[in-house]
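Hi everyone, thanks for coming.

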Amino acid sequence: MINTVIEMRYEIASFILFAIGLICLITDKHLIKKIIGAGIMDSALFLYLAAGGYTAGRVAPILAAPGADPGKYISPVPSGLVLTGIVVSVSTLAALLALTYSLNKKYGTMMIDEIIEKAKQEVKDS
Amino acid sequence: MFLKLWIDGDISTYDESYSPLLAMDDLDENTDTFDSESRHVGKKNPSHRILYFAVILAGIVLVSQLILTSYFMPRFASPDSPVNNEVTARYVKDGVRDTGAINAVSGMIFDYRAFDTFGESTVLFSATVFVLMLLGRSKPKKSRGLSLKSNDQMLRSTVSVFAPFITVFGVYLVLNGHLSPGGGFAGGTVLGAMLILISAAYGHARVSAFLTSYLISLLMSFALLVYALIKAFAFVSAAVGENLLPVHGNIGSIYSAGFILPLNICVGIVVSLTVFAFYSAFAALDE
């Protein structure tokens, strides 16, 4: 069992990071901390993909010629997924932060429960 | 305002009542007078506390379950893991012949899966438009601006020395995406970081004077349009059945790999402008 943990340390680290991000995303009432939790979940996913794409003794897929030996190069698929995913996660985080800024500007608070209360109050008043 | 705090370290002019980041400090004792009663009741509400611990328990269960699962998963870095299946073998074996790109990752994301990359570039574009829409001002203030301008002589000298090299490195990454590690995503990020660096050193207003949000949207839509047209041409030529695609050229030279070089340039433009537009939108709040 302990050998498994040592051998699979990257995957296990990504599981733990994912759970930390998920708990942060669900339990915390502060919007910026929720966004930080989502960012941690993103990073955990990239770590998992990168760890899954690695194969011992193989090199990056910069191929020399047509008909290269597939046993010598790592798989390009996880690398491509991580490459594009990182940029997309940055853009989604920026969009979330912009939304949070607008909410904070309108309601003057960052706590999600207060924002909900104030929004309900607004609906009631109107 | 919080960007000013980070860059200048100048706390004295800081408006405490408004900053999102300082609101973090007031987690427990919020001085906000609104409806503090219900907030405290909600805090002492035992059902909330139970929910809180239930979520943490669920997280622990999730982690232990996943760690148990990892016992049955393929070993880390083992050659017979399911990643190394026939798809990978095909990409590595025939990638150079099919796409003409030495870099198999570029060949994969710009040729085999180019449609997926187009969708991702569209996500970047819509996120940029969304952020600019939410944070952009309707009418530009007159250029009192330059509030982000730092008087840091060290930063300025360093940037003036390094900015050309960073630019050349980013352009190299974009243009050599099919030959070496890099490509539109990595090179675009480097170029966007260079724009951020310049605008941090010399003031955001100077950069955004020529790189306005209108120009950013225009350039990004143009790049996306070129990408879509190129891929539409590829699809049409495949449907017609004739080989209208450009030849792959000498494998390993810069004019090779068919459409991968222009697609890399398009994605590089989109990514660099996205990275800069995010900084620009949040920095413009400061002025």
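In chain A, 52% of the contacts with a separation of 6 or more are between residues 24 or more positions apart. Two residues are in contact here if their C-beta atoms, placed from the backbone, lie within 7 Å. For chain B, the share of contacts with a separation of 6 or more that join residues 24 or more positions apart is 74%.

Before we go on, a word on what you are looking at. This is a predicted model, in which local features need pLDDT of at least 70 and side-chain atom pairs count only at pLDDT 80 or more, while totals for chains, interfaces and linings use all residues. Residues are numbered from 1 along each chain as its sequence is written, and chains are lettered from A and ligands numbered from 1 in the order in which they are written.

Let's take chain A. What does its secondary structure come to? Five helices and zero strands, in the pattern α-α-α-α-α along the sequence. Helices (H or I, at least four residues) and strands (E, at least two) are DSSP runs, numbered from the N terminus. Chain A has a radius of gyration of 21 Å, well over the 14 Å that the globule rule gives for 126 residues, so it is more spread out than a compact globule. That radius is taken over C-alpha atoms, and the globule rule is 2.2 Å times the number of residues to the power 0.38. The C-alpha trace of chain A spans about 70 × 40 × 15 Å along its principal axes. Of its 126 residues, 36% count as buried. Buried means that 20 or more other C-beta atoms lie within 10 Å of a residue's own; with 12 or fewer the residue is exposed, and in between it is partly exposed, with C-beta atoms placed from the backbone.

Inside chain A, look at α3(A) and α4(A), whose axes are 10 Å apart and pack at an angle of about 180°. That makes the two helices, α3(A) and α4(A), roughly antiparallel. Axes are lines fitted to C-alpha atoms, for helices over the stretch in contact, and angles run from 0 to 180 degrees between N-to-C directions. Angles under 35 degrees count as roughly parallel, over 145 as roughly antiparallel, 65 to 115 as roughly perpendicular and the rest as oblique. Among the residues making this contact are I35(A) and F46(A) of α3(A), and L81(A) and L96(A) of α4(A). By class, the contact of α3(A) with α4(A) has 15 nonpolar, seven polar and one charged. Ala, Val, Leu, Ile, Met, Phe, Trp, Tyr, Cys and Pro count as nonpolar, Asp, Glu, Lys and Arg as charged, and the others, Gly among them, as polar.

Now to where the chains meet: 57 residues of chain A are in contact with 59 residues of chain B. Which helix gives the most to the side of chain A that touches chain B? That is α4(A), with 19 residues. The residues on this side of chain A divide into 34 nonpolar, 17 polar and six charged.

One partner of α4(A) is α6(B): their axes come within 9 Å and cross at roughly 20°. The pair α4(A) and α6(B) is therefore roughly parallel. Their contact includes V88(A) and L99(A) of α4(A), and L124(B) and F130(B) of α6(B).

Over in chain B, there are eleven helices and zero strands, and 33% of the 287 residues are buried. Why is helix α5 (residues 104-112) of chain B said to be largely enclosed? Because eight of its nine residues are buried, so the rest of the structure largely encloses it. Those buried residues, including M108(B) and F110(B), pack against α4 (76-107) of chain A together with α4 (86-99), α6 (114-135) and α11 (260-284) of chain B.

To finish, find Q65(B), in helix α3 (residues 46-72) of chain B. Is Q65(B) buried or exposed? It counts as exposed, because it has 11 C-beta neighbours inside 10 Å. The C-alpha atoms of Q65(B) and L261(B) are separated by 45 Å, and these residues are 196 residues apart along the chain.
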